Amino acid sequence: MATEESPQVTRRATRSYSASNTAIESTNLPESYKPTINDLGFRQQPLRLEDLLSSFPGRRSQILELLRLLGPLNSPMFPILVYGGPSTGKTSVTLQVFRHLNRPFIYSSCITCYSPRILFESILNQLLFHRKDSGHSYSSVKRCERPSDFVNYLREALENVLTNLKGNSGKVSSKMSGRPDGTMVYLVFDNLERIRDWDKSSTILPFLFNLNDILKMPEVGLIFISNTSPDTYYLNIGYVEPIPLYFPDYTEDDLRHIFMANQTNSRLYASFLDVVLRPFCRVTRQVDELAAAFSSLFKKYSEPLSDKEVAPNEEMKRRLFSHIRPHIASALNETFQVRSQPLLKAETNEETKKTNSSRMLGIREDFDKIDFHMSTSAKYLLISAFLASRNPATLDASLFDSTGVSDSRKRKRNCAYWKNFKYSPRACYNLTLEYMGI
C-alpha cells in the first residue's frame, strides 16, 4: 500500500506551492522560498525503470506504453488520455514516470482547480515560478479568466521556460544540479471529468483538447487523466483526439501484492488477506476503500496475539479466523455505504424531560445525550463556517471574489464593513453553535 500512495504524497508536497488554494496540501517549505526552474521536476533522484515497475504491481504494460507514447527526449508527441476507474494508479503512475524520465512538467488537478480561472492561473503560477502566499495577498501572478488571455499568457510563459531550459542544457549534469532534462514541457490535467460540471464546460473542454493546435508549439505535450472513458468527451468539432491509455481495475493478485508491500510481519498479514481479500473484492477493488476497511479489520484480527511478530501456524490461523469472522459482514456493510443518523423521535420518559430542562437552564450536556438530529448538510455548513472564519480576507477574495484582490478600494470597503459589523465570522460561528444547543 505504501508503494501505491507514496508517489502522490511526495509529488504534491514538492509542488504544493502551485496549488490554486494554498490550504489544500501541507508542506515544509519556508515562507521565503522562491520557486525556480528546478521545481518543474521532482528535485529528487530519478527512479530506475526496475524500481518504477516494481512499485506498481499489475501496471507494467501501462508504464511501458506510457513511456513509448512520450517518446525519446525532446521528441514531439500527440496528446494522451489516461483513463480508468478511481484508485487504479493513473495519477501515481503518470507522475512517477516523469520522475523516472526527469522531465519538466506542470501538474494541475481539476478538483483543486474548480473553475477555469483557477485552472488557468494555477498553470501560469507554476510556469512563472510564482508562489501564492501572504506576501502576495494570496493572489496569482496573472489575472486570467478568458481562454484567449490564457493562450497569450501561456505562450509567453512557455517561451521563457523553454529559453531557460535550452540555455542551461549541457552546462551541468542534471543529476548533480537537480535540473530536469530536455527542452520540452508537459502539461498534465488530472480529474478531467470534473470539468463537465463547470458552467462553461462546453467551451473549456474543446479548448483544452485543441490547445496543441492553438499554441502550435511542438515543445509542449498534453496529458489528460480521467476517471471516465473517451466516449464521454465526444465533441462534434474538429480536433486531434488524444491517444487513449486504459488502466483496468486491479486483479486480486495485484491487490495482494499492493497490500503486502512494506509489511513488518508478512506471514501474519498474508494469512489475514487470505480471509478478507476475496469477499471484499466482490464489493470493490479500489485500493483506498480496501485500505480503510483492512486497517481496522487487521487490528481486530491480531487482537488475540500477544506477540505481533509471531508467524501463525494452521491452528492459530483457525483461531484468528474464528475471532474475526463476526466482524467481516458488518465491515462490508459499514465501509461501502454512506451512513446517516436516523431522526430521533421525541421521548416522553423522565430522562428526556430532565435533559431538556437542563438545557433550558444552560447546563451543557455531553454530545451523546443531545436529543435532536443534525443533518449532514448542517454539519458541512458548520464546518464551512468555521473554516471561513479562519481564512484571511485576501485568500477568500483570491478564490471566490469575481474581481480578485486587484481592486484596493474594494478591499478597503470590505474591511470597513467588517469593522462596523457587530460580530466577526468566528463570533457568528459560535452563535450558531449556541443557537443549535451544541
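## Helices α3 and α4

Let's start with a pair of helices: the axes of α3 (residues 60-70) and α4 (residues 90-101) come within 11 Å and cross at roughly 60 degrees. That angle makes α3 oblique to α4, and their crossing is right-handed. Keep in mind as you look around that this is a predicted model.

Which residues of α3 meet α4? Ile63, Leu66, Leu67 and Leu70 do so, and on the α4 side they meet Val93, Thr94, Val97, Phe98, His100 and Leu101.

## Helices α10 and α11

From α10, the contact draws on Glu252, Leu255, Arg256, Phe259 and Met260. The α11 side supplies Ser266, Tyr269, Ala270, Leu273, Asp274, Leu277, Arg278 and Cys281. Sorted by class, the contact of α10 with α11 holds 8 nonpolar, 1 polar and 4 charged residues.

## Helix α5

Is α5 mostly covered or mostly open? It is mostly covered, with 12 of its 12 residues buried. Among them are Arg117 and Glu121, as well as Ile118, Leu119 and Phe120.

The length of α5 (residues 116-127) can be checked too: at 1.5 Å a residue, its 12 residues should span 16 Å, and the end C-alpha atoms are 17 Å apart, which agrees. After α5 comes phenylalanine 129, which has a positive phi, near 55 degrees.

Technical notes:
Residues are numbered from 1 along each chain as its sequence is written. This is a predicted model: local features need pLDDT of at least 70, side-chain atom pairs count only at pLDDT 80 or more; totals for chains, interfaces and linings use all residues. Side-chain values use heavy atoms; hydrogens and water are left out. Helices (H or I, at least four residues) and strands (E, at least two) are DSSP runs, numbered from the N terminus. The expected span of a helix is 1.5 Å times one less than its number of residues. Buried means under 20% relative accessible area, exposed over 50%, partly exposed in between (1.4 Å probe, protein chains only). Axes are lines fitted to C-alpha atoms, for helices over the stretch in contact, and angles run from 0 to 180 degrees between N-to-C directions. Angles under 35 degrees count as roughly parallel, over 145 as roughly antiparallel, 65 to 115 as roughly perpendicular and the rest as oblique. A crossing is left-handed if the near helix is turned anticlockwise from the far one by less than a right angle, and right-handed if clockwise. Contact means heavy atoms within 4.5 Å. Ala, Val, Leu, Ile, Met, Phe, Trp, Tyr, Cys and Pro count as nonpolar, Asp, Glu, Lys and Arg as charged, and the others, Gly among them, as polar.
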